Each structure stands twice: as C-alpha cells, then as structure tokens.
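Here is a short note for a colleague who is opening this model for the opening look. Please read the points with the structure in view.

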Amino acid sequence: MNSITSLLKKNLKQSSMVIALVLITLLFQVLTDGTLLKPLNITNLILQNSYILILAVGMVLVIITGHIDLSVGSVAAFVGAISAILMINMEMNPFLATIICLAVGALIGAWQGFWIAYVGIPAFIVTLAGMLLFRGLTLVVLQGQSIAPYPESFQKISNGFLPDFFGGTDIHILSIIIGVAVSLILIGLEIKGRNNQLRYNFEVGSKGLFYAKLVAIFAVVNTFTYVLATYKGLPNILVILFAIIVAYTFVMKKTIIGRHVYAVGGNLKAASLSGVQTKKVTFGVFVNMGVLAALSGLIFAARLNAATPRAGNLFELDAIAAVFIGGASAYGGVGTVVGAVIGGLVMGVMNNGMSILGLGIDWQQAIKGLVLLAAVAFDIINKKKS
C-alpha cells in the first residue's frame, strides 16, 4: 500500500489524468449503454481525434518552452487548402504534394519562430497575427468554396486500415500480432528500466506492484488491439500517431535536444548562461510546430475528403486544452508528450460521449471550459504547495 501511495505522489498530475481518463471512459460507457467502447465507435474515436493529438504533441513542446501557439488551426486549414490545389486542381502526385505541404508548414513555423526567437515579439502576439493571416489566406486560396474530392490513395492516410496479410475473416490477425509484439516490447522496456534503477541503487516499487503493472500493460494493449481487430483492424492513422508519440517521447526523454527544451522553459537565463542556444531551441520548436500543424491539416482534409474554409476551427484551443489537462505547467518547463496525448484522449472521450448522449455543442463547450480551468487550477495549487 505504501508503494502505491508513493508512486501516485511521485507522478501525481499524470497519474490523476490516467485515473480521470479511466473514470470518464467508464462513466460514458455506462451512460451510453455500452456504445462508447464498441469497436466501431473506438475506431471513430481514433479517427476523430488523431489530428488534435498530433497538434497536442507539437503544442506540448511549445508550452514547455514557455510560449503558446494560437495559429495552428489556421495553419492546418491553410495547408489543407494548398494540398487541395496541388492534388485536385493540379492533379499532382499525392506523395509529392504531401512533402511540399509539410515543407510549407516548416516555412510557416520558421516565419513565426523568427519573430519570436530573434526579434523578441511575444509568441501570443505573433501567433495571434498568424491565426488571422493564415485564416485569411485560406479564404483567398479557396475563394470561399470547398474543393473536393481527394485521390483515394491520399484519403487512406486518414480513413484506411492496415491490410491483413494473414487472410483473417472475422478477426484481423495482423492487428492481434502487432498488439502482442507491442505489449512485449513495452514490458521489456519496463524490465530494462527497473533493472537500470536497481543497478544505480534508485528507489523502486515493490515486485508485486511491478508485476501487476506488467500484467496491466499486456492486458490493456492486447484488449485494445483485439477490439479493433474485430472491426477492420488498426487504422493507418493510429500507426502514424503511435510512431510520432514514440519518436517525440524518445527525443524529449533521451536526447540533448529534449533537455534543452526543458531547460529553456524552466529558466531561460540559467539555460543561456549554461551554454544552451536558447534562440535556436525556440526557433526549432516553432518550426516543428509548423510541420505538425501541416500534418494535422493534411489528415483532417483526408478524413473530410475536402478542403474547406472553416477547417481547423478551434483546433488550437483543443490542442492547448489537451496539453494543460495532460499535466503541462502554465509557467513552462513541465510537461510530457504522453501526458498531452492522455489529455487529448480525455477531451476526445468527453466529446464523443456527450455527442452520443445528444448533448448540444453549447453544453459541450461549457463543460470542456470547466475541465480546462480545473486542470490549470490543479497545477497552480500544486505549485504553491511545493
């Protein structure tokens, strides 16, 4: 019992969000009479929230450095509009068009990063201007009209599923195999991490709690993939999202770049005096945000099968809310990629559950606002206590 208590205290914010996600999921599972966790609805939940989760991964880096980006929704819409011009009007190869669109996102991020990092204009002002600028350019590019449809190969980015090479009929066998493989890899990483901690005489939890955690990892991962396997299997976008989460988690936890991002947000002057190139770090974070905003816009366009003037509306608020709900600090220097994803899932499950119940968009927005306020208040109260 003491080990469980110490574990929860050590990671209070993230643990509380995991618990909140589980409780909210169970609540809506009961309220929707089991509809929430049906294979079809879980697949829809992934497809509906993938672009917000991708934005949240980029946004958490921005917020860790002590900045904010209000332009990501407009950038996503603008890049989606460009992709429609390239793929639909000009009939360009979807792969080449995607590369060009991601490059456009990087240029937009570099444009905003320059004013923030090297000129010293607050990120709030620069990205607010970017929100207005790129929303206006979206209307100019689309001339106020939607453009559709996209090539089928491009649509599969967001709406397609992994093919089953094993010829499963009722069950998608490849998804089952991937689930087992991923769970074994995660268990192996947990064992390796515990052994490293023991080697350096760090404090670890009891063996019983550790084994229970391994069993929980295996059960959750394989239950999740089994449920998806009973429908159409793993969506392509889930594979892309998983790769992004793994890559960014590795960068933030295991590389010098990640340490520098945390250092800039934790104490800018101390980081500068320690030799961290703070301007380059800030600039790079916004370039990265531009690329992920572009990817989000492409995925949204592929799912909608159209580029529309209103695409990306309020995406920035959902991404920011996901990051804060997931444990990031409003003061910078604190936050994790996994936490941002958990925060995004909390928002996604709430949106999906309230939609199934027929709750109006007005009440949905009000409830999301209260959840965001509670998460930030929780962060500030904890900071004052510490």
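Helices (H or I, at least four residues) and strands (E, at least two) are DSSP runs, numbered from the N terminus. This is a predicted model: local features need pLDDT of at least 70, side-chain atom pairs count only at pLDDT 80 or more, and totals for chains, interfaces and linings use all residues. Residues are numbered from 1 along each chain as its sequence is written, and side-chain values use heavy atoms, with hydrogens and water left out.

1. Start with two loops. Glutamate 91 sits in the loop between helix 4 (72–89) and helix 5. Its phi is near 55 degrees, a positive value in a residue other than glycine. Glutamate 91 is exposed, at 67% relative accessibility. Here buried means under 20% relative accessible area, exposed over 50%, and partly exposed in between (1.4 Å probe, protein chains only). Asparagine 201, in the loop between helix 8 and helix 9, also has a positive phi, about 60 degrees. Asparagine 201 is exposed, with a relative accessible area of 71%.

2. Check a peptide bond next. Alanine 148 and proline 149 are joined by a cis peptide bond, with omega about -5 degrees. Proline 149 belongs to the loop between helix 6 (123–142) and helix 7 (152–159). Most residues other than glycine have a negative phi, and most peptide bonds are trans.

3. How many salt bridges does the count come to? The count is 2, taking a salt bridge as a side-chain nitrogen of Lys or Arg within 4 Å of a carboxyl oxygen of Asp or Glu. One joins lysine 213 and glutamate 190 (3.2 Å, N to O). Lysine 213 lies in helix 9 (residues 207–229) and glutamate 190 in helix 8 (residues 173–199), so the pair ties together parts 23 residues apart in sequence. Lysine 213 is partly exposed at 41%, and glutamate 190 is partly exposed at 25%.

4. Aspartate 318 and lysine 368 also form a salt bridge (3.2 Å, N to O). Aspartate 318 is in helix 14 (residues 315–325) and lysine 368 in helix 16 (residues 361–385), so this pair ties together parts 50 residues apart in sequence. Lysine 368 counts as buried, at 10% relative accessibility.

5. Now turn to a helix pair. Residues of helix 5 that meet helix 13 include Gly105, Gly109 and Gly113; on the helix 13 side, Phe286, Gly290 and Ala294 are among them. Contact means heavy atoms within 4.5 Å.
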